[in-house]
Amino acid sequence: MNALARSSNNALRLSQRHSLSSKLLKSPARSRFQSTKSGNASKSSSNAGSTSEEHLSWPEYLKIRKQRRTWQNVMAVPTSLLGLFGGVTYFGSLETDPTKPILGLDPFMAYGICTVATMGVGYLVGPSIGNAMWRFSNRRTAHLIDARDREFYKHIAKNRVDPSLQNPTSPIPDFYGEKIGSLAQYRRWLRDQAKYKKRMVLPED
């Protein structure tokens, strides 16, 4: 009886040790599996976030496009004034001889025309400076905006009126779609293009 009891106790101890060792062997594998699963989940979530960040919706793009046009128009004002000031300063400091015309014009008139020309140059340079400043402030999303620009101009070229139908006295409204700053303005632009095409193809009697 004692021998039988001893053998049963030994067998029980061996079974407990075996179950304990199997649990210890399974726990690292389970923890590694859980960590791998959580790592894959975090990677997939980060990839989904980056994908959503790489997408620029049309309302957002048109809003940014409107802001860019505002920058261009605003910068045209100080550059025009700077050109005017530079022209007045330079041409006003020149000596003028009324008896010596410049290109057949009175010197005062010639200098006045040149001063207005410098103001026009400033007006033309202003939008380029505004666009450069705007691109610098939006440099992180510049590649997304450039991609949308290409798609936008494809839509404009596809839906605008054929230039051969243009009347010199009645130009095509907003040929390049520069005034479009929202979806509502884009729909209005489509209606204007359709009306102009209808008027040119089927002129009123």
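Residues are numbered from 1 along each chain as its sequence is written, and side-chain values use heavy atoms, with hydrogens and water left out. As the model is predicted, local features need pLDDT of at least 70 and side-chain atom pairs count only at pLDDT 80 or more, while totals for chains, interfaces and linings use all residues.

**Overall make-up**

The protein has 5 helices and 0 strands; helices (H or I, at least four residues) and strands (E, at least two) are DSSP runs, numbered from the N terminus. The order of elements from the N terminus is α-α-α-α-α. Of the 205 residues in the protein, 19% are buried. Here buried means under 20% relative accessible area, exposed over 50%, and partly exposed in between, with a 1.4 Å probe and protein chains only. Contact means heavy atoms within 4.5 Å. Among contacts between residues at least 6 apart in sequence, 68% join residues at least 24 apart.

In α4, the buried residues are Ala142, Leu144, Ile145, Arg148, Asp149, Phe152 and Ile156. They lie on the same side of α4, because they cover an arc of only 135 degrees around the axis. The arc is that of the directions from the helix axis to the C-beta atoms. On the face of α4 turned away from its buried side are the exposed residues Arg150, Lys154 and Lys158.

An α-helix has 3.6 residues a turn, so residues three or four places apart point the same way.

Phi of Asp174 is near 50 degrees, a positive value in a residue other than glycine.

**The nonpolar core**

A nonpolar core is a set of buried Ala, Val, Leu, Ile, Met, Phe, Trp, Tyr and Cys residues joined through side-chain atoms within 4.5 Å. The largest one has 12 residues: Leu56, Tyr61, Leu62, Ile64, Trp134, Leu144, Ile145, Phe152, Ile156, Ile180, Tyr186 and Trp189. Two or more of its residues come from each of α2 (58-92), α4 and α5. The most come from α4, which gives 4 residues.

**The largest pocket**

The search used a 1 Å grid over the protein atoms alone; a pocket is an open set of points where a 1.4 Å probe fits, with protein on both sides within 12 Å along at least five of seven lines, and lining residues have an atom within 4 Å of a point. The volume of the largest pocket is about 220 Å³, where grid points are joined across faces, edges and corners and a volume is the space filled by probe spheres set on the points. Its lining consists of Arg65, Arg68, Arg69, Gln72, Asn73, Pro127, Tyr153, Tyr176 and Glu178. Helix α2 supplies the largest share of that lining, 5 residues.

Two of the lining residues can be followed further. Arg68 lies in helix α2 and counts as buried at 10% relative accessibility. Leaving out residues up to four places away in sequence, Arg68 touches Tyr61, Asn131, Trp134, Ile145 and Asp149. Arg68 and Pro127 are 59 residues apart in sequence, and their C-alpha atoms are 9.5 Å apart.

Gln72 also lies in helix α2. With residues up to four places away in sequence not counted, Gln72 touches Gly126, Pro127, Gly130 and Asn131. The C-alpha atoms of Gln72 and Gly130 are 4.5 Å apart, although the two are separated by 58 residues along the chain.

Thr115 lies in helix α3 (residues 107-137). Thr115 is buried, with a relative accessible area of 11%. Beyond its neighbours within four places in sequence, Thr115 is in contact with Leu84, Gly87, Val88 and Phe91.
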